[in-house]
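The following note sets out numbered remarks on the structure displayed below.

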Amino acid sequence: THFGFQTVKASEKHKKVYEVFENVANKYDLMNDAMSMGIHRFWKDYFMLSLSPTDNTKLLDVAGGTGDISFRFLNYVKNENLKNCHVTVLDINPHMLDVGQQRSKALKHDPNMIAWKEGNAEQLDLEDDSFDAYTIAFGIRNCTYIDKVLSEAYRVLKPGGRFMCMEFSHVHYPYFQWLYDKYSFQVVPVMGQILAGDWNSYQYLVESIRQFPTQENFKLMIEEAGFRSNNPFEEEDVDDETFLRNSR
Ligand code: SAM
C-alpha cells in the first residue's frame with residue numbers, strides 16, 4: 001500500500017501511530033467533520049446518551065485526543081445538573097492533548113471537573129478499581145495490543161463499572177462495502193492531502209480500520225478480558241452492546 005502499513009511490525013506501529021497523530025493534531029477536528037460530513041458528532045452524542053452518566057460518575061476517557069467524548073460528558077453533567085462528576089482524558093500524544101486543553105479553555109469548562117493525562121492505554125499509570133466508566137472512541141484500533149488495553153480497562157474499572165468502546169469495524173452489506181471501499185481508499189486520503197497536506201496519515205487511518213477485528217471477534221476479546229455483556233435480550237445486536245466489569 002501507499003503507506004506500507006499492512007507490513008508494519010507490531011514494534012513499529014506504536015511509533016507510526018504517534019507520528020500520525022502528531023501530524024494531524026491541529027487539523028484533527030476539521031478533518032473529522034470533513035471526512036464524516038459532520039456525522040461523527042451524532043455518533044458521539046449517541047455514545048454519550050448510551051453512557052447516560054449519573055451523580056458521582058468518575059469517567060476515564062482513554063485515547064481521548066482533543067476531548068470530543070469528555071466534552072460531551074461535561075455537557076451532559078451540566079444539562080442534567082449531576083453532582084460530583086469528573087473526567088480524566090488520557091492520551092499517548094501530548095499534541096492531541098494540547099489541542100484539547102485549548103478547546104476546553106475556550107469552552108470555559110470547570111478545570112476541577114476535567115484532568116488531562118499523558119499515558120498509554122496498554123499500561124495505565126492508574127490505580128485498580130478507580131473509575132465508574134471507561135470510554136475509548138476511535139482509539140483502540142490504534143493500539144498495538146488490544147488484549148492489554150482491555151485488561152487494563154478491566155483493572156482500573158470498579159466492579160460493575162462500564163466499558164464503552166466506539167470503533168469503526170467491518171461492513172456487512174456487499175453494495176455498501178463497495179461504496180465504503182471507494183470512499184475510504186479513494187476519497188479520504190485525497191481529502192487528507194487537500195485539507196491537511198497529509199496523504200499518508202489518512203491512508204493509515206483507513207488501513208487501520210481494515211485490520212481491526214470483526215465485531216464478533218472483538219466481542220470475544222472483550223469477554224475474554226472478563227467483561228460480561230449487559231444486554232438483557234438473547235438476540236443481542238453485536239454492533240451495539242454494553243459491557244460491565246464483573247463484580248468480585
Ligand atoms: N477519542 C477521540 C475522538 O473520538 O475524537 C480521539 C480519537 S483519535 C482517532 C485516536 C487517539 O488515540 C489519538 O489521539 C492517539 O494519540 C490516541 N492513541 C493511540 N494509541 C494510543 C495508546 N496506546 N494509548 C493512548 N492513546 C492512544
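1. Composition of the ligand shell. The residues of the shell around the ligand divide into 11 nonpolar, six polar and three charged. Ala63, Gly65, Asn93, Ala121 and Ala137 come nearest, out of the 20 residues around the ligand. Two elements, H1 and helix H4 (68-79), each give two or more residues to this shell.

2. The structure under discussion is a predicted model. The mean pLDDT of the protein chain is 89, and 92% of its residues reach 70 or more. The exception to note is the stretch of residues 1-6, over which the pLDDT is below 50; beyond near neighbours in sequence, this stretch has 12 contacts in the model. Where pLDDT is low, the predicted coordinates should not be read in detail. The scores of the model are ipTM 0.99 and pTM 0.91.

3. Domain division. The protein chain is divided into two domains: domain 1 comprises 1-25 + 173-211, and domain 2 comprises 38-167 + 213-242. Their C-alpha centres lie 23 Å apart. Contact between the two involves 10 residues of domain 1 and eight residues of domain 2. On the side of domain 1 that touches domain 2, the elements giving two or more residues are helix H1 (10-24) and helix H8 (199-210). H1 gives the most to this side, with seven residues.

4. Annotated positions. Which residues does the UniProt annotation "binding site" cover? According to the unreviewed UniProt entry, the annotation covers Thr66, Asp91, Asn120 and Ala121. Ala121 is also among the residues that come nearest to the ligand in the model.

5. Thr66. This residue is found in the loop between strand E1 (58-62) and H4. Thr66 counts as buried because it has 26 C-beta neighbours inside 10 Å, the cut-off for burial being 20 or more. Not counting residues up to four places away in sequence, Thr66 touches Tyr28, Asp29, Met96, Val99, Gly100 and Arg103.

6. Asp91. Asp91 belongs to strand E2 (residues 86-91). Is Asp91 buried or exposed? Asp91 is buried, because 24 other C-beta atoms lie within 10 Å. Leaving aside neighbours within four places in sequence, its contacts are Ala63, Gly64, Gly65, Met96, Leu97 and Glu118.

7. Most residues other than glycine have a negative phi. Phi of Ala63 is near 55 degrees, a positive value in a residue other than glycine. Ala63 lies in the loop between E1 and H4, and it is buried, with 26 other C-beta atoms within 10 Å. Asn84 likewise has a positive phi, of about 55 degrees, although it is not a glycine. Asn84 is placed in the loop between H4 and E2. Asn84 counts as exposed because it has 10 C-beta neighbours inside 10 Å; the limit for this class is 12 or fewer.

8. Val206. This residue is found in helix H8, one of the elements that give two or more residues to the side of domain 1 that touches domain 2. Val206 counts as buried, with 23 C-beta neighbours inside 10 Å. Not counting residues up to four places away in sequence, Val206 touches Ser184, Phe185, Val188 and Pro189. Val206 and Ala106 are 100 residues apart in sequence and 31 Å apart in space, C-alpha to C-alpha.

9. Ala225. Where is Ala225 placed? Ala225 is in the loop between helix H9 (215-224) and strand E6 (227-229). Ala225 is buried, because 20 other C-beta atoms lie within 10 Å. Ala225 and Lys148 are 77 residues apart in sequence, and in space they are 8.8 Å apart, C-alpha to C-alpha. Not counting residues up to four places away in sequence, Ala225 touches Asp147, Leu150, Ser151 and Tyr154.

Note on methods
Residues numbered from 1 in each chain as written. Predicted model: local features only at pLDDT ≥ 70, side-chain atom pairs only at ≥ 80, totals over all residues. Domains from an automatic or database assignment. Contact = placed C-beta atoms within 7 Å. Helix = DSSP H or I, 4+ residues; strand = E, 2+ residues; numbered from the N terminus. Near = placed C-beta within 6 Å. Nonpolar A, V, L, I, M, F, W, Y, C, P; charged D, E, K, R; others polar. pLDDT = per-residue confidence, 0-100. UniProt positions renumbered as here; feature names shortened; annotations may be inferred.
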